[in-house]
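Try each task yourself before you read its solution.

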Amino acid sequence: MPVLIRSAGRVLGPLVFALPGLLVACTSEQPPSPPPSDPGVVEVDAARDELAALAAAAQDRHMVTQYVYSRAGQPDRTIAFTSANDGSWRVDVPGGALGGTADVSMAATADGLFQCALPSAGRPESASCVRLGERDDAIPRRSDPRVQHPLTDWLDVLTDRRAPLAVAPASPPEGITGTCYSVDSTSASLNAPLDVGIYCYDRDGTPTGVRTAAGTLRLAAPPGPAPATVQLAGPVVVDRDPLDTAAPPTPDPSDSPSAGTP
């Protein structure tokens, strides 16, 4: 029996001394722990998700309301916006054409995209509309008042996670309420998908304000119920071009007949 004990001791002894080394070797081969996530990146991703959700709610928000449009060097204007239950929309823009002397209405319906000229000081004729293209076509740059984009097609950009945007929480600009986000473009292209700035929304998706280099749009009154569809401001005509946003060139006096010329 003593012989067996001594033999077992000779066998177990090397194993006992080798066991700690084996454990150390196994421990050293474990994969390293992942680095802690950057809280800044998490916050940015959360802001992008929140803004996309609010913009999606805005797409489903059908209403009639008014916004005050402010731009440096110009008097404030009241913009009337209608988003109908069938998805059509209309935005009336005082001073939206001819260098601010003519009022226009931009509208998208099942029949297409339209610009309507409204009676105004710079254009006293009765209202009439021209078709600019299909409903989802881009408005020609020379005829685009741009004020309607944050309420219409730029919502598609804000809901698209593939759009090259950088989003962060922001404080509401003066006179604007709601939850606000700073939106910048990460694209090197000169044609950014939207104007960079601050975009604000109520909890139900109502756009409460936008501030960009082009000016500030702020909600002026609580929204009202939406109609079934929007109506164009006047009949559609084919014998005129859409109004440009720029003022027409000033006539050269030298081109006019001299006084007293028969």
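A disulfide here is a pair of cysteine sulfur atoms within 2.5 Å. This is a predicted model, where local features need pLDDT of at least 70 and side-chain atom pairs count only at pLDDT 80 or more, while totals for chains, interfaces and linings use all residues. Residues are numbered from 1 along each chain as its sequence is written, and side-chain values use heavy atoms, with hydrogens and water left out.

**Exercise 1.** Find how many disulfides the rule gives.

Solution. Step one: Cys-116 and Cys-129 have their sulfur atoms 2.0 Å apart, and they form a disulfide. Step two: Cys-180 is joined to Cys-200, again with 2.0 Å from S to S. Step three: the count comes to two disulfides. Number the bonded cysteines in sequence order and you get the pairing 1-2, 3-4.

**Exercise 2.** Work out which parts of the chain the link of Cys-116 and Cys-129 ties together.

Solution. Start with the strands (DSSP runs of E, at least two residues, numbered from the N terminus). Cys-116 sits in strand β5 (residues 112-118) and Cys-129 in strand β6 (residues 128-133), so the link ties parts 13 residues apart in sequence.

Methods
Helices (H or I, at least four residues) and strands (E, at least two) are DSSP runs, numbered from the N terminus.
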